[in-house]
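Work through the exercises below with the sequence and the structure side by side, and try each task before you read its solution.

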Amino acid sequence: MNPELSATYWEDRYRDSNTPWDIGYISPPLQHYFDQLQDKSIRILIPGAGRAYEAIYLHQQGFDQVWVCDWAKESFQHLQEVAPDFPAEHLIVGDFFDLEMEVDLVVEQTFFCALPGSSRKDYVKKMAQLLASSGKLIGLLFAGEFSQTGPPFGGSEKEYRSLLQTYFEIQQMGLAPDSIKPRLGRELFFAAQRLE
């Protein structure tokens, strides 16, 4: 097994604060998307949630059907400190690929880029399985390859479109105009609806 696919690897990264992808707050493109959502009862899943800034924001805005999943239990410590009333039963410590649930929206934020290329088709298939009819997968993807060996692993818009179109109708994909400065011009915002 690749080290990046083990719970121990990710637990150690959080324990050692070796998390350079962690910007310390909700990503602006995701916040702007969430601010447009009207129905606060929708079921939302954030896989590979890490310190779960997006889940904290949603919870604070009154969304009460938010689940987070991560291999690293350590990563949820921040969420539990900042939002102690976040439902404990909505904290899933485990493998995303083993999840058995149905949600209306899945949020992608630095999870896909943690997976090697060999897992990406499985990721898309699993996302489609988790989503209810007309459910959506939205989020951010890196717009380019990285020179160093991952994780994170990069990719291209062409690759992402090719992967997603098997199970999804891509409604939007393009460079996010409101990315944080270090990522401006380097990440794509996308929204894709599950095909019936």
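Predicted model: local features only at pLDDT ≥ 70, side-chain atom pairs only at ≥ 80, totals over all residues.

**Exercise 1: The order of the elements**

Solution: Counting the symbols by type then gives 6 helices and 7 strands.

**Exercise 2: Ala83**

Task: Decide where Ala83 is found and whether Ala83 is buried or exposed.

Solution: Begin with the location, which is the loop between helix H4 (77–82) and strand S3 (91–93). Next, take the relative accessible area of Ala83, which is 3%; because buried means under 20%, Ala83 is buried. Finally, look at His59, which lies 24 residues from Ala83 in sequence, while the two C-alpha atoms are 8.0 Å apart in space.

**Exercise 3: Two aromatic pairs**

Task: Classify the ring pair of Tyr33 and Phe189, and then that of Phe96 and Phe97.

Solution: A search of the whole structure finds 8 aromatic pairs. In the pair of Tyr33 and Phe189, the ring centres are 5.9 Å apart and the planes stand at 40 degrees, and the pair is tilted. This pair links distant parts of the chain, since Tyr33 belongs to helix H2 (residues 28–34) and Phe189 to strand S7 (residues 187–194), 156 residues apart. Tyr33 is buried at a relative accessible area of 15%, and Phe189 is buried at 8%. For Phe96 and Phe97, the centres are 5.0 Å apart and the planes meet at 75 degrees, so this pair is edge-to-face. Phe96 is buried, at 3%, whereas Phe97 is partly exposed, at 28%.

Methods: Residues numbered from 1 in each chain as written. Heavy atoms only, no water. Helix = DSSP H or I, 4+ residues; strand = E, 2+ residues; numbered from the N terminus. Buried < 20%, exposed > 50% of the residue type's maximum accessible area, 1.4 Å probe, protein only. Phe/Tyr/Trp six-rings, centres within 6.5 Å; stacked < 30°, edge-to-face > 60°.
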